[in-house]
Amino acid sequence: SDKAVFEDICKYHYLVHEGSATKSSLTEHKLKDPLKATWIVYMQTEQMPIVHDAALGRLANQLVDYAAYQLKGQPDFVKPYRKIVRRDLREMLPVILKNKKLGRKVKMKALWAAVSPTSYGCAHKLYLRKTGLDRIYALD
């Protein structure tokens, strides 16, 4: 081969690049862009059922995570955006529940977070503590 390609990708979760998102504070773009990108993929893949279903699964998980987002210590722009996401989750709930490709776990999370996002967030936080999953990426 005549050429080689180098990708600067961190292979280990405990290595942090100097200007990485983990070191910088939350901005409006960091909050909104991942969900916005998933919405775009979901909307533009209606003609590709496999990709569309995968995008719906990702969208459902993101909506649940954002709906249960904790406000303590967060910037002021998080609260109004969380309200918008909760509304979007309630609107998407019938689509999520009717989709045969999504698993029961995703559907139950979406239903619980749509009905009572605060209780879902508390239960999820307790689950993470009990299983130790909250410490996987801790840099202690």
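**Exercise 1. Is Lys-32 buried, partly exposed or exposed, and what is its relative accessibility?**

Solution. The structure is a predicted model, in which local features need pLDDT of at least 70 and side-chain atom pairs count only at pLDDT 80 or more, while totals for chains, interfaces and linings use all residues. Residues are numbered from 1 along each chain as its sequence is written, and side-chain values use heavy atoms, with hydrogens and water left out.

Step 1: take the classes, where buried means under 20% relative accessible area, exposed means over 50%, and partly exposed lies in between (1.4 Å probe, protein chains only).

Step 2: Lys-32 has 25% relative accessibility, and therefore counts as partly exposed.

**Exercise 2. Find the salt-bridge partner of Lys-32 and describe how the two residues are placed.**

Solution. Step 1: apply the rule that a salt bridge is a side-chain nitrogen of Lys or Arg within 4 Å of a carboxyl oxygen of Asp or Glu.

Step 1: the partner is Glu-28, and the closest N and O atoms of this pair are 2.9 Å apart.

Step 2: Glu-28 and Lys-32 are four residues apart in helix α1, so about one helical turn separates them; helices here are DSSP runs (H or I, at least four residues), numbered from the N terminus.

Step 3: Glu-28, with a relative accessible area of 38%, is partly exposed.

**Exercise 3. Describe the largest cavity and its lining.**

Solution. Step 1: on a 1 Å grid over the protein atoms alone, a cavity is a set of points where a 1.4 Å probe fits but cannot get out, whereas a pocket is an open set with protein on both sides within 12 Å along at least five of seven lines; lining residues have an atom within 4 Å of a point.

Step 1: sort the lining by class, where Ala, Val, Leu, Ile, Met, Phe, Trp, Tyr, Cys and Pro count as nonpolar, Asp, Glu, Lys and Arg as charged, and the others, Gly among them, as polar; the result is five nonpolar, no polar and one charged.

**Exercise 4. Which element gives the most to the lining of the second largest pocket?**

Solution. Step 1: this pocket holds about 250 Å³ of space, and its lining includes Asn-61, Lys-105, Trp-112 and Tyr-127.

Step 1: the elements giving two or more residues are α2 (49–67), α4 (104–115) and α5 (117–131), and α5 gives the most, with four residues.

Step 2: by class, the lining has four nonpolar, two polar and three charged residues.

Definitions and conventions: Grid points are joined across faces, edges and corners, and a volume is the space filled by probe spheres set on the points.
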